[in-house]
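Here is my note on the model below. The points start with the ligand site and then move to the strands.

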Amino acid sequence: MSSSDQIQSVLKEDRVFAPNPDFAAKAHVKSAAEREAMTKAAAEDPEKFWAEIAGELHWFEPWKKVLNWKAPFAEWFVGGKTNIAYNCIDRHCETSRRNKAAIIWEGEPGDSRVLTFADLQREVSRFSNVLKALGVEKGDRVGVYMPMIPELAITILACARIGATHSVVFGGFSSDALRDRMNDAEAKVVVTADGGYRRGGVVDLKVNVDTAVDECPTVKSVVVVQRTGQDVTMKAGRDVWWHEKMAEASDVCPAEPLDAEHPLFILYTSGTTGKPKGVVHTTGGYMVHTYATSRWVFDLKDEDTYFCTADIGWVTGHSYLVYGILANGATSVMYEGAPNYPKPDRLWQIIDKYGVSIFYTAPTAIRSFVKWGNEWPRKYRFDRLRLLGTVGEPINPEAWIWYNREIGHERCPIVDTWWQTETGGILVTPFPGATPTKPGSATLPIPGLDMEVVDKNGVKVGANKGGFLIIRKPWPGMMRTIYKDPERFKEQYWSQVEGAYFTGDGARQDEDGYFWIMGRIDDVVNVSGHRLGTMEVESALVSHNTVAEAAVVGRPDEITGQAIEAFVSLESGNNPSDELAEELRQHVGKEIGSFAKPAKIRFADALPKTRSGKIMRRLLRDIASGSETVGDTTTLEDLSVLAALRDDDE
Ligand code: PRX
């Protein structure tokens, strides 16, 4: 029987999985009643609730006020002085965790490294001193464009240690995308590597940095880790080798006491315009949120070995590979390469090799595992595995059931966690020992979160009615602003529904209060867990000299969740061809990154528009997904356009 036959036979969306009693007995949160009590306490006095958790961490100076809320701007732990790197590292070095593994790293070619908390303290301190020697001061921005190697974690922790604000750009982004982000952030230093390993090949990171930084006037230095040993050009006076600078630097650098609202990082994410947003997260609230959720959701204990498959270039890697996990003193496994290199069993091999007990991945990855076949995971020992998680998009029940059976051996709870780059940490999630789960639902909001599904007037809708997912009150890890653009922050997140944060997602709440995320309702698509604004891809397309106009939509895809389709009309004198379609795909790859290349390009004489000139995206989405065109099309300016597109489709 093929794996897909097995899935269909067990698919049943109304199934409820109660927490495993053995798991619950030992969990940090042991029952639904305990979670309800936490939720009640947090609803009654959220500031007291969060302050108690913050008190478990180290503060150089206590806060004077828990929350300052001048909507939509929040300040948490006002006046407090802390350091997240201190809490992730130094705090544990004073305990029996000192020589415990903090990071277990596995390189794609099969090399590995283990860094204890004490090792991490030395390496992070050393690199903090390197940054200082390069003139980086508190408040300066440091760009990071690296493969998934320990130096990436060391770099961001070193920035955090001295109060430099890091801005990590995922290594899959193109040099143009890197340049735009570094210029927006006004980075002083960029940290990179000669290259990185990916699916047996090499990604030329330094080449991309060279192209980008030539047009980044603020970047004074580039630090280069030697990873692949490939030839690179080192520009005199600008480029320095990591290993040379590290050899000269002292391994002592005390963590800087930082204001709780000191900016920790800027992470660029896609929105509904062509320009990525620099999401700003600060120190204290983000630290408390990621620390608390790591503990509740992943149930971290000292014996655990935790493995998150996300790249540190995305928010999941920031919050749940590095900060929240290390703040709990847990061991974090980091893998450099592709999940199917050299064979589709690589992640299962890592789980077996290191005795991983908690595994956090994305639905798109799970759908690939299903496709690759059950024989791969079945070769390995999963006896230490006790908890599974997912993030990034709704998990389809088939994938959930497969994950539960083939990886969890029907013994491990699954936590489906909903959150966003903007939210900093997990907001809707089961607690594994406390919350009965339903495949496909991220279940309930964390304590202290005032979340609702509302209609366009901001009025709460009834059970099982679809609407907009909003949050009415601030939470500690929330983004503070869009870098250098507070007006855009207000406008994009806090203006749709008066006084509330708009997530951009559609959702419904069922009769048990469980949230079911229905996906983005704005012009954002989610391809393999990578968030992309359709406008960004459109801007990339129209920057090609043959393109007059482009409209980009998402359509459902079995593996990647959504796939991108582009409708393109050409400048006169150009003719549609397969070669041109491929050239346009490559062009998007160059402008943004390979992962943004449209799956399909459709040429049309003109795009369907309303009388006011708006492109009728819903119509295009219908066409892209092959569904019948529904709804009112009388506003179409030129029905023949629709007909032409439909013809093309058939
Ligand atoms: O649409 C939701 C989806 O991913 C979006 C956030 O994307 P990003 O900022 O890139 O962060 C991804 C990792 C936190 C959300 O608006 N999303 C994320 N997690 C889930 C989800 N949709 C359904 N279920 C989830 N568990």
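**Notes on the ligand site and strands**

1. A nitrogen atom of the ligand sits 3.4 Å from a polar backbone atom of Pro 394. That is a polar contact, defined as a pair of N or O atoms within 3.5 Å; within protein, one must be able to donate a hydrogen and the other to accept it, and residues adjacent in sequence count only if both atoms are side-chain atoms.

2. Please keep the origin in mind. This is a predicted model, with local features needing pLDDT of at least 70 and side-chain atom pairs counting only at pLDDT 80 or more, while totals for chains, interfaces and linings use all residues. Residues are numbered from 1 along each chain as its sequence is written, and side-chain values use heavy atoms, leaving out hydrogens and water.

3. Asp 416 places a polar side-chain atom 2.7 Å from a ligand nitrogen atom. For Asp 505, a polar side-chain atom is 2.9 Å from a ligand oxygen atom. The protein buries 95% of the 540 Å² that the ligand exposes when taken alone (Shrake-Rupley method, 1.4 Å probe).

4. Around the ligand there are 17 residues, of which Asp 416, Thr 417, Gln 420, Thr 421 and Arg 531 come nearest (near: a heavy atom within 4 Å). The shell divides into six nonpolar, six polar and five charged residues; Gly counts as polar here. At least two shell residues come from each of α12 (315-327), β20 (414-417) and β25 (515-520). Helices (H or I, at least four residues) and strands (E, at least two) are DSSP runs, numbered from the N terminus.

5. β20 also belongs to a sheet. Seven strands form this open, mixed sheet, in the order β5-β4-β17-β16-β18-β19-β20. Two strands pair if DSSP finds at least two bridges between them. Within the sheet, β18 (358-361) and β19 (387-391) run parallel over four bridges. Tyr 360 has Gly 389 in β19 as its bridge partner.

6. Now the hairpin. β26 (524-527) and β27 pair antiparallel over four bridges, with Val 525 opposite Leu 532 in β27. Two residues separate the strands, and Ser 528 in the turn has a positive phi of about 50°.

7. Is β27 (530-533) covered on one face or both? Both: His 530 and Leu 532 on one side and Arg 531 and Gly 533 on the other are all buried (under 20% relative accessible area, 1.4 Å probe, protein chains only). Arg 531 is also among the residues nearest the ligand.

Technical notes
Buried < 20%, exposed > 50% of the residue type's maximum accessible area, 1.4 Å probe, protein only.
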